[in-house]
Every structure is written in C-alpha cells, then in structure tokens.
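Hi everyone, thanks for making time for this. I'd like to walk you through a structure that may be new to you, so please have a look at it with me.

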Amino acid sequence: DELERAIARTAELEARRQHLQWRAGRGVRPELIIYGPLSLNVETYQAVLEDRPLDLTYMEYELLRFLVENPSRVWSRDQILARVWGYDYFGGSRTVDVHVRRLRAKLGEERSSWITTVRSVGYRFG
C-alpha cells in the first residue's frame, strides 16, 4: 500500500514536471482527456480531480476513461465488459457494478452522480 502511494506520487510528480516543461515550451504536451475538473493522462494512466490525484486501479482507470470518452450514451454491463475488460473476460457482469461503486466513492459525493445508473440497462456518464 505504501509502495503504491509512492509510485503514484512519483508518477504525479513526473506528469507535473512534463506539464511545466510544456508550458515553458520545452516539452511535449501529454495527451489528456478532460471532463470539467477531471483530467486523465493517457500516457501515464494518472487521473486528477481538482488538482488532487485519484488512486485508481488499472481497471478503474480504464472504466473511467471509457465512460468519459463516451458521455451521455447508455452502456449495458455486457457492452462495458466487452469494451473495457475485453471479449475474453469470463467473469460475471456484476464486476462492472463493483467497479462503478468504487469509482463513485473515489470521485467523491458531489461527483458520484457523474456515473448514472440506468435501471435494468447499465450506466451512463455525464
């Protein structure tokens, strides 16, 4: 757990260094996906919400990225599993529910509504 936090801090510092270099005209701007105060760095797999890094697992990051890249559309659990976990995933579709619940908790109370449950169908972002 401590090692993961140290790695996350190191990755965040590197992302900030690259951003400062880009602002100074000495670096390449990283590819970012922005949704309001949320930014996802595609190169470093870092998610930042209001200047605070989110401690996401790989699959939480991939799920959040997928939802942010496809706002407003309703996705079924099976569609999400196929797109995020891949067609060779053999687990149950309820794994999506677990990951969505964890993402909502990490986004915080005021941002958890970004991921909307569509009854008997799946989820929508935005």
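R94 and D97 both sit in helix 4, three residues apart, which is about one turn of the helix. Helices here are DSSP runs of H or I with at least four residues, strands are runs of E with at least two, and both are numbered from the N terminus. An α-helix has 3.6 residues a turn, so residues three or four places apart point the same way. The side chains of R94 and D97 meet in a salt bridge, at 2.6 Å from N to O. By salt bridge I mean a side-chain nitrogen of Lys or Arg within 4 Å of a carboxyl oxygen of Asp or Glu.

Before going further, a word on what you are looking at. This is a predicted model, where local features need pLDDT of at least 70 and side-chain atom pairs count only at pLDDT 80 or more, while totals for chains, interfaces and linings use all residues. Residues are numbered from 1 along each chain as its sequence is written, and side-chain values use heavy atoms, with hydrogens and water left out.

Back to our pair: are R94 and D97 buried or exposed? R94 is exposed, with a relative accessible area of 56%, whereas D97 is buried at 14%. The cut-offs are under 20% relative accessible area for buried, over 50% for exposed, and partly exposed in between, using a 1.4 Å probe and protein chains only. R94 and D97 also belong to a network with R77, joined by salt bridges that share partners.

Let's stay with helix 4 for a moment. Its 14 residues reach 20 Å from the first C-alpha to the last, close to the 20 Å expected at 1.5 Å a residue. That expected span is 1.5 Å times one less than the number of residues. The buried residues of helix 4 are T95, V96, D97, H99, V100, L103 and L107. And what do they pack against? Their partners are strand 3 (46-49), strand 4 (52-54), helix 2, helix 3 (77-85), strand 6 and strand 7, where contact means heavy atoms within 4.5 Å. After helix 4 comes G108, with a positive phi near 100°.

Now, how many salt bridges does a search of the whole structure find? The number is five. Side chains of opposite charge can pair when their charged atoms come close. One of these bridges joins E60 and K106, at 2.7 Å from N to O. E60 lies in helix 2 (residues 58-69) and K106 in helix 4, so this pair ties together parts that are 46 residues apart in sequence. E60 is buried at 2% relative accessibility, while K106 is partly exposed at 28%.

E69 is partly exposed, with 41% relative accessible area.

On to the aromatic residues. The structure holds six aromatic pairs. Rings of Phe, Tyr and Trp (its six-membered ring) pair if their centres lie within 6.5 Å; planes under 30 degrees apart count as stacked, over 60 as edge-to-face, and the rest as tilted. Take Y35 and W114: their ring centres are 5.1 Å apart and their planes are at 80°, so this pair is edge-to-face. Y35 lies in strand 1 (residues 32-35) and W114 in the loop between helix 4 (94-107) and strand 6 (115-118), so the pair ties together parts that are 79 residues apart in sequence. Y35 is partly exposed at 26%, but W114 is buried at 12%.

W114 has another partner, F125: with centres 6.0 Å apart and planes at 65°, that pair is edge-to-face too. F125, in strand 7 (residues 122-125), is eleven residues from W114 and is buried at 0% relative accessibility. Together, Y35, W114 and F125 form one aromatic cluster.

Finally, two backbone details. Most residues other than glycine have a negative phi. Y45, in the loop between strand 2 (38-41) and strand 3, has a positive phi near 60°, and Y45 is partly exposed at 38%. S120, in the loop between strand 6 and strand 7, has a positive phi near 65°, and S120 is exposed at 80%.
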